[in-house]
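Reader: Hi! I'm new to this, could you walk me through a structure?
Author: Happy to, here it is.

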Amino acid sequence: MSRRSLLRALGAGAAGATLAGCGVPAAFVEPGERAGRDSSATDPTLHFANWPLYIDTDDDESKRPTLDAFSKRTGISVTYTEEINDNDEFFGKISPALMNHQQTGRDLIVISDWMAARFVRLGWVQEMDRAKQPNVAKYLDPQLRDPAFDKGRRHSVPWQSGITGIAYNRKKLGREIRSTRELWADDLRGRVTLLSGLDESFALLMQGNGVDVTRWTADDFHEICEQTERRVRSKHIRRFTGNDYIKDLATGDVLACQAYSGDVIQLQADNPDIEFVVPEEGAELWAESLMIPNLARHKRNAERLVDHYYDPEVAAELATWVNYVCPVPAARDVLASSKDEETAALAEDPLIFPDDAMRERLAIARDITSEERMDFAKKWNSIVGL
């Protein structure tokens, strides 16, 4: 089971449970107050906080080959902690330090882009020195280079990317699905699930209405809420899920659902009848990104680690384990040249390396602003039942 499928349910309904959502004002940090004293030159260590199940491991699961290779090459020892189980929970864990201009004890973190947007707005993360990250500058996927929340990716670098689309059981349904609109066909009544998290679900539903999600409006949001409410009342939507859509789809209780691309790759290994679709109207391309918190004690070491993972050889090794969209397209050629047939086949998987036709249907949705979030989350959660 993937990291996202195992843990995403935790974060799905917590959008309003942050400091800002509880009425506690979050403190903006001015640019000149974000950098700390960098000990990288004299202290070859760094602390890297990530999600569980989100990095390559050896037969001995305590060993992480790509991290070990970095330490061997640079002499930098990495303390790697799998402590991020939910975006909002992690926000609550480190926000008191950040808002009070204190160190977090972490040099590098990985959070979803909608949460990364909040960190950028609050001035809680530092700009990276791209002059010292030649691999990032050269190999970062062009489609991920310029999100609205972080123009030019100055504060963030994608760790992995993915697609929120539609998964369905083609054999049991007896037909193909190519459009989000097809989820609402009569033969799928009571056999469809949607993701419960606001940030995970809204973009695909808007795209089904023909909305350009890079610049959606409040009216677009309220329209999908009204449509979803009607489909809940008519019992067309079976329920809202976190990671448990995987079980529903595997057992056949659900025939079609909102899903993450990386999960479906793993489902297909057990059931080749499971299909993943980027709908004709489009699907959301998202990322979970590396960021350096304010006052990090080993900023330069962290920048070197980020650049290490943008070496196509390293990116390819990581991609074979996590099975999400690789943010380093050049890693495709590395995998294609593998003598191992199973590894080489990953180079042809469009859910890891989307082809041009698929990319034309992918878009990065604008994030929900801090002014919108509380009201939108309250409305969506009332529909979902959170």
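Author: First, a term: helices (H or I, at least four residues) and strands (E, at least two) are DSSP runs, numbered from the N terminus. This is a predicted model, where local features need pLDDT of at least 70, side-chain atom pairs count only at pLDDT 80 or more, and totals for chains, interfaces and linings use all residues. Residues are numbered from 1 along each chain as its sequence is written, and side-chain values use heavy atoms, leaving out hydrogens and water.

Reader: Is Glu61 buried or exposed?
Author: Exposed, because its relative accessibility is 61%. Buried means under 20% relative accessible area, exposed over 50%, and partly exposed in between (1.4 Å probe, protein chains only).

Reader: Switching topic, how many helices and strands does the chain have?
Author: There are 16 helices and ten strands.

Reader: And how many salt bridges?
Author: The structure has 25. A salt bridge here is a side-chain nitrogen of Lys or Arg within 4 Å of a carboxyl oxygen of Asp or Glu.

Reader: Which residue does Asp88 pair with in a salt bridge?
Author: Its partner is Arg118, with the closest N and O atoms 3.7 Å apart. That pair links distant parts of the chain, since Asp88 is in helix α3 (residues 87–99) and Arg118 in helix α4 (residues 113–122), 30 residues apart.

Reader: Are those two buried or exposed?
Author: Both Asp88 and Arg118 are buried.

Reader: Which residues are linked in a network of salt bridges?
Author: Arg170, Glu176, Arg178 and Glu275 are.
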